[in-house]
Amino acid sequence: MKILRVGHSPDPDDAFMFYGIAKGKVRMPGFKVRHVIKDIQSLNMLALKKKLEVTAISAAVYPFAAKNYRILACGASVGRNYGPIIVTKAPRALKSLQGKRIAVPGLQTTAYMLLKIFLGDFKPVVMDFTKIIPAVQRGKVDAGLVIHEGQMTYASFGLHKVADLGKLWHKKYKLPIPLGLDVVRKDLGPKLCKETYRVLLESIECARANQSDSLKYAMKFGRGVDAVTAGKFVNMYVNEDTAEMGREGESALKILFREGARLGLCPKVTKLDIVR
């Protein structure tokens with residue numbers, strides 16, 4: 001059997017989506033799926049090197065990977081009026097952070113691109129996303145750009161929310177924000193790209209139909225968060241938009257890439273290559 005390397009992050013929402021595949025409930029005939037589980041920044045780098053046949057990536061990385069990968073219409077992590085947040089030790093306005101040191105989870109992440117769009121000038125301090133909240137607590141940075149479960153747990157660490165970038169995006173564009181995408185390598189050919197789409201969609205549908213079991217599986221990737229928090233996080237980012245990004249998702253991607261290119265953060269994307 002041929003090996004199909006599939007990359008996803010060690011996060012509950014990604015694990016939830018791949019439940020059907022991981023548990024053998026959904027199969028791709030003729031292929032053995034090998035899960036490559038790494039943080040999203042590492043997956044971004046692997047995609048840029050064309051190392052994986054199928055992988056999750058930050059939406060902001062797609063313009064760099066577009067020559068080698070196609071977007072799957074399913075599997076996107078989409079926020080509707082919510083997304084990455086900026087946190088500080090004390091309440092303050094977003095504009096007051098211009099020129100300040102802000103911890104970010106990577107310069108290739110969608111969260112970073114959104115912060116550049118809405119704040120503009122600041123000094124990014126790149127660090128592992130799990131270290132951002134402690135860095136803000138200890139005053140090592142002026143603010144932190146928080147993703148994943150930190151979006152829900154920051155207050156328990158005594159921090160204050162300055163802004164929700166997903167809300168700012170929705171207010172300005174009246175659209176959801178695709179934060180992460182699943183992509184498939186072009187050289188697999190049209191037939192196998194479509195088969196990959198089918199398998200991932202069935203895995204997502206399987207997980208949503210078996211909520212209890214799939215959440216238990218996803219909890220293994222929860223970094224110690226309780227079941228309620230993990231469940232809430234999964235349901236935030238595995239939704240109807242995940243099953244099909246639709247026209248709104250496509251419109252949002254076009255705007256994100258347009259703004260990213262305008263700021264010099266990514267190449268221009270002339271056309272979205274989407275498999276469905």
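Predicted model: local features only at pLDDT ≥ 70, side-chain atom pairs only at ≥ 80, totals over all residues.
Residues are numbered from 1 along each chain as its sequence is written, and side-chain values use heavy atoms, with hydrogens and water left out.

Helix α5 spans residues 110-118. Helices here are DSSP runs of H or I with at least four residues, strands are runs of E with at least two, and both are numbered from the N terminus. Eight of the nine residues of α5 are buried, where buried means under 20% relative accessible area, exposed means over 50%, and partly exposed lies in between (1.4 Å probe, protein chains only). The buried residues are T110, A111, Y112, M113, L114, L115, I117 and F118. Just after the helix, G120 takes a positive phi of about 85 degrees.

The whole structure contains six aromatic pairs. Rings of Phe, Tyr and Trp (its six-membered ring) pair if their centres lie within 6.5 Å; planes under 30 degrees apart are called stacked, those over 60 edge-to-face, and the rest tilted. The ring centres of Y112 and F122 are 5.9 Å apart and the planes stand at 70 degrees, so this pair is edge-to-face. Y112 belongs to α5 and F122 to the loop between α5 and β8 (123-126), so the pair ties together parts that are 10 residues apart in sequence. Y112 is buried because its relative accessible area is 10%, and F122 is buried because its value is 5%. K116 lies over the face of F122, at 5.3 Å from the ring centre; this requires NZ of Lys or CZ of Arg within 6 Å of the ring centre and within 35 degrees of the ring normal. Elsewhere, Y82, F233 and Y237 form one aromatic cluster.

Side chains of opposite charge can pair when their charged atoms come close. The structure holds 15 salt bridges, each being a side-chain nitrogen of Lys or Arg within 4 Å of a carboxyl oxygen of Asp or Glu. R198 and E202 form one of them, at 2.9 Å from N to O. Both residues lie in helix α9, four residues apart, about one turn of the helix. An α-helix has 3.6 residues a turn, so residues three or four places apart point the same way. R198 is partly exposed at 27% relative accessible area, as is E202 at 34%.

Another salt bridge joins E240 and R208, at 3.0 Å from N to O. This pair links distant parts of the chain, with E240 in helix α12 (residues 240-243) and R208 in helix α9, 32 residues apart. E240 counts as exposed because its relative accessible area is 56%, whereas R208 is partly exposed at 33%. In the bridge between D273 and K186, the closest N and O atoms are 4.0 Å apart. D273 sits in the loop between α13 (246-262) and β12 (274-275), and K186 in the loop between β11 and α9 (190-209), 87 residues away.

R5, K50, E53, R185 and D187 are linked in a network of salt bridges. E53 counts as buried because its relative accessibility is 8%. The side chains of E53 and R5 are also joined by a polar contact of 2.6 Å. A polar contact is a pair of N or O atoms within 3.5 Å; within protein, one must be able to donate a hydrogen and the other to accept it, and residues adjacent in sequence count only if both atoms are side-chain atoms.

Most residues other than glycine have a negative phi, and most peptide bonds are trans. N81 has a positive phi of about 70 degrees although it is not a glycine, and is placed in the loop between β5 (77-79) and β6 (85-88). K174 also has a positive phi, near 55 degrees, and belongs to the loop between α8 (165-173) and β11 (177-185). N81 is partly exposed at 29% relative accessible area, while K174 is exposed at 55%.

On the surface, M45, L48 and F64 form a nonpolar patch with about 230 Å² of accessible area together. Accessible areas come from the Shrake-Rupley method with a 1.4 Å probe, and for residues only the protein chains shown count as cover. Patches are made of residues with over 30% relative accessible area and no salt bridge, like charges being joined within 9 Å and nonpolar side chains (Val, Leu, Ile, Met, Phe, Trp, Tyr) within 5 Å. L48 lies in helix α3 (residues 40-48) and is partly exposed, with a relative accessible area of 36%.
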